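I opened my notebook for a first look at this structure. Come along and see what turned up.

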Amino acid sequence: TSITQGQDTLAIKTGKMFVTSAVPIIGNALQSAVGGVYASMRVLKGFSGLIGILGVLQIFLPTIVTLSVNWCGFYAVIILSEILENDTAVNVLSRFKDTIEILLSMTILFLVLLIFSLCIMINVTQGV
């Protein structure tokens with residue numbers, strides 16, 4: 001309804017003003033990000049947006065789960081190596097764990113970018 005949209009717009013404008021005044025250097029970038037998140041949340045209210053988001057999650061979820069399980073496994077082996085005082089193994093395994101963290105971060109980044117791109121496409125085509 002128009003009342004709900006008015007409340008959403010007021011909340012977003014208040015948030016933008018607060019972010020811009022609280023963090024002067026990167027406030028404008030954060031202000032743009034808040035606008036992007038708001039636009040994405042409006043798209044999620046539609047059925048086509050929900051189906052698109054679920055499709056994107058279905059694509060990325062197996063990779064995220066696999067990387068997370070691998071990260072947990074490396075972390076457990078690192079703890080075991082620390083208990084056994086094997087510094088060489090701890091150093092090598094820590095580097096592998098760090099690599100998995102980077103891969104996991106990049107996968108989540110691409111997931112978010114794809115969701116935002118999907119939301120922009122739905123907004124431009126107005127769900128058609």
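**The loop and its surroundings**

I began with Glu85 in this predicted model, and Glu85 is exposed, because its relative accessible area is 67%, over the 50% cut-off. I placed Glu85 in the loop between helix H3 (47-83) and helix H4 (87-125). For context, most residues other than glycine have a negative phi.

Next I looked up Leu84, which is found in the loop between H3 and H4. Leu84 is exposed too, with a relative accessible area of 61%. I then found Leu84 in a nonpolar surface patch of about 510 Å², made together with Tyr75, Ile79, Leu80 and Ile83.

**Aromatic pairs**

How many aromatic pairs does a search of the whole structure find? I noted two. In one, the rings of Trp71 and Tyr75 have centres 5.3 Å apart and planes at 10 degrees, so I wrote this pair down as stacked. Both Trp71 and Tyr75 lie in helix H3, four residues apart, which is about one turn of the helix. Trp71 is partly exposed at 26% relative accessible area, and Tyr75 is partly exposed at 39%.

The rings of Phe74 and Phe96 have centres 5.7 Å apart and planes at 25 degrees, so this pair is stacked as well. Phe74 lies in helix H3 and Phe96 in helix H4, so the pair ties together parts that are 22 residues apart in sequence.

Note on methods
Residues numbered from 1 in each chain as written. Predicted model: local features only at pLDDT ≥ 70, side-chain atom pairs only at ≥ 80, totals over all residues. Heavy atoms only, no water. Helix = DSSP H or I, 4+ residues; strand = E, 2+ residues; numbered from the N terminus. Buried < 20%, exposed > 50% of the residue type's maximum accessible area, 1.4 Å probe, protein only. Patch = residues over 30% accessible without salt bridge, like charges linked within 9 Å, V, L, I, M, F, W, Y side chains within 5 Å. Areas by Shrake-Rupley, 256 points an atom, 1.4 Å probe, with all protein chains shown as cover. Salt bridge = Lys/Arg side-chain N within 4 Å of Asp/Glu carboxyl O. Phe/Tyr/Trp six-rings, centres within 6.5 Å; stacked < 30°, edge-to-face > 60°.
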